[in-house]
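Me: I would like to learn how to read a structure, one feature at a time. Could we start with the packing of helices?

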Amino acid sequence: MFPFVFEWVWDLGHLVFMGGLWYALTIVGLGMTYCIIKSAIDASKEAAGDHDH
Amino acid sequence: MDSALIPKGVKRCPLPQFLGGLAVAGVVLLWGVYAILLIWIKGLHVTGMNDYYGFALWIWADLAVIALGGGAFFTGFLRYIVGKDEIKNIINFAVTIGVICYISALLILAIDVGQPLTRAWHIFWHANVHSMLTEVAFCLSAYLVVLIIEYIPLVLENRQIDKVPFFHHLSHNMHEVMAVFAATGVFLSCFHQGSLGGVAGVMFGRPFAFREHLFIWPWTFFLFTWSAAAYGPCFTIFLAKLTEKITGKRLIKDNVYDLLAKISGWMILTYIIAKIADTWYWAAVTLPSQGHTLMDFYSNNAFYGIWILVAEIGVCGILPALILVTKKGRSSSTLIWTAVILGCIGVCLNRWVMILQTMAVPSIPFDSWQLYMPTWPEVATTILPVAFGVIVVMISYRYLPIFPQEQELNPIEP
């Protein structure tokens, strides 16, 4: 699964297969990270706005 | 008592009636859980599987729920990539069904593995990159994560949860980038649906399942993806209409059903043409080259006759396709019910023959047909996902806005 696991081989099969999986997981992970951080910022801005008023 | 949790502007049954329904489904669920524990504690010998049947009822159920749950990725594709706006009124329900189907599929695999805690992670950590099943495991698990991400905004839209500013913004922001998640889901679905077909198609020692290849992919790879995209929406429509019958309400407008049914109809029609071509090539070219004839696989046994091929392609393929592609067929309530039910049976039948009939056919000259009878723990664990699905749909329908048009279609008298 990872290059540091003993059975890893640097061949096309491993690069395409594992690359596809990590590509998909990276998109999902980055997407969720973006949503969570942006929501925290939006919520804190809203709270600060409420305090100002 | 729970009225503060129910979406605004909609009516729900009294809480005791709801809890009564949950209890009935819960009893069936507990029966399945008991069977799971029995299998995990005593081992796979309590099942009807043997040396002939390494794949049996569970793998059929697994493939069937994955195909039927294909409505989630295909409606996501139509909504976010093709841009069919009307689909937004059914996509929440399709995602809910998808989550149920994929959780069920992984649960069934966890039972089939036998030792989920000590063995299940091996397929990820010690991945065999030449195995179709590894591709299935990767894409299935990753797609379940995507489906849960698609379901989360729906949960966050619950009246009480939405009052928390962070969750309110999270729901909004997830909707903003949902196209990215949906596209990832389509990518993963195409590969795991296809690989499930590929598992059967690459078995050159099983001439009933073996098919010719395009690069590394047998034709079954493409047929499985195509059939899931074609028949999955039938299951979504069937369950949405069933929910309408049970609740006694219209929940989705007719134009939404009409669009999805029409697209599903054309997908089934094109799929079934491809399936006929595949079957003809298999019967006329592939089988003779291996010393077989078509009837070797449909005779000399008590169950698998040529009727099963006629039922799969004709009754449950051509017929629903013709109903769904015609305006007259889609506008008749009876015909649309018939078409979606036949469609669901058709794709389940396809998965059945590709798993169970493949195992039943003698694979060496001196062998005979081997028929298989599941034991009650297998049946109980296969029914468990149905009870689980009923519970999830009941809770989602009661507390979450899974049908955006419900309020408009069922105005409450002041």
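Me: In which hand does helix 2 of chain B pass helix 4 of chain B?

Reply: This is a predicted model. In it, the crossing of helix 2 of chain B with helix 4 of chain B is left-handed.

Me: What else is used to describe two packed helices?

Reply: The angle between the two axes and the distance between them. Here helix 2 (residues 57–68) and helix 4 (residues 88–113) of chain B have axes that come within 9 Å and cross at roughly 165 degrees. Angles over 145 degrees count as roughly antiparallel, and therefore helix 2 and helix 4 of chain B are roughly antiparallel to each other.

Me: Which residues of helix 2 and helix 4 of chain B meet?

Reply: From helix 2 of chain B the contact includes Trp58(B), Ile59(B), Val65(B) and Leu68(B). Among their counterparts in helix 4 of chain B are Cys101(B), Ala105(B), Ile108(B) and Leu109(B). Sorted by class, the contact of helix 2 with helix 4 of chain B has eleven nonpolar, one polar and two charged residues.

Me: Let me try the next pair. At what angle do the axes of helix 10 and helix 11 of chain B cross?

Reply: Roughly 150 degrees, and the axes of helix 10 (residues 219–247) and helix 11 (residues 254–289) of chain B come within 9 Å. That makes helix 10 of chain B roughly antiparallel to helix 11 of chain B. The crossing of helix 10 of chain B with helix 11 of chain B is left-handed.

Me: Which residues make the contact of helix 10 with helix 11 of chain B?

Reply: Helix 10 of chain B contributes, among others, Trp219(B), Leu223(B), Trp226(B) and Pro233(B). Helix 11 of chain B contributes residues including Tyr257(B), Met267(B), Tyr271(B) and Lys275(B). In this contact between helix 10 and helix 11 of chain B, 17 residues are nonpolar, two are polar and two are charged.

Me: How is the packing of helix 3 against helix 9 of chain B described?

Reply: Helix 3 (residues 70–82) and helix 9 of chain B have axes 9 Å apart, at an angle of about 135 degrees. Helix 3 of chain B passes helix 9 of chain B in a left-handed crossing. Among the residues in contact are Phe73(B), Phe77(B) and Tyr80(B) of helix 3 of chain B, and Ala182(B), Val186(B) and Gln193(B) of helix 9 of chain B. By class, the contact of helix 3 with helix 9 of chain B has nine nonpolar, five polar and no charged residues.

Me: Now whole chains. How many helices and strands are in chain B?

Reply: Chain B has 16 helices and two strands. The radius of gyration of chain B is 22 Å, close to the 22 Å that the globule rule gives for 414 residues, so chain B is as compact as a globular protein of that length. The C-alpha trace of chain B spans about 75 × 55 × 35 Å along its principal axes. In chain B, 46% of the 414 residues count as buried.

Me: And what does the secondary structure of chain A come to?

Reply: One helix and zero strands. The radius of gyration of chain A is 20 Å, whereas a compact globule of 53 residues would have one near 10 Å. The C-alpha trace of chain A spans about 60 × 15 × 10 Å along its principal axes. Of the 53 residues of chain A, 9% count as buried.

Me: Is Phe215(B) buried or exposed?

Reply: Phe215(B) has 5 C-beta neighbours inside 10 Å, so it counts as exposed. Asn300(B), in the loop between helix 11 and helix 12 (307–325) of chain B, has a positive phi of about 60 degrees although it is not a glycine. With 11 other C-beta atoms within 10 Å, Asn300(B) is exposed.

Definitions and conventions: Residues are numbered from 1 along each chain as its sequence is written. Chains are lettered from A and ligands numbered from 1 in the order in which they are written. This is a predicted model: local features need pLDDT of at least 70, side-chain atom pairs count only at pLDDT 80 or more; totals for chains, interfaces and linings use all residues. Helices (H or I, at least four residues) and strands (E, at least two) are DSSP runs, numbered from the N terminus. The radius of gyration is taken over C-alpha atoms; the globule rule is 2.2 Å times the number of residues to the power 0.38. A residue is buried if 20 or more other C-beta atoms lie within 10 Å of its own, exposed if 12 or fewer, and partly exposed in between; C-beta atoms are placed from the backbone. Axes are lines fitted to C-alpha atoms, for helices over the stretch in contact, and angles run from 0 to 180 degrees between N-to-C directions. Angles under 35 degrees count as roughly parallel, over 145 as roughly antiparallel, 65 to 115 as roughly perpendicular and the rest as oblique. A crossing is left-handed if the near helix is turned anticlockwise from the far one by less than a right angle, and right-handed if clockwise. Two residues are in contact if their C-beta atoms, placed from the backbone, lie within 7 Å. Ala, Val, Leu, Ile, Met, Phe, Trp, Tyr, Cys and Pro count as nonpolar, Asp, Glu, Lys and Arg as charged, and the others, Gly among them, as polar.
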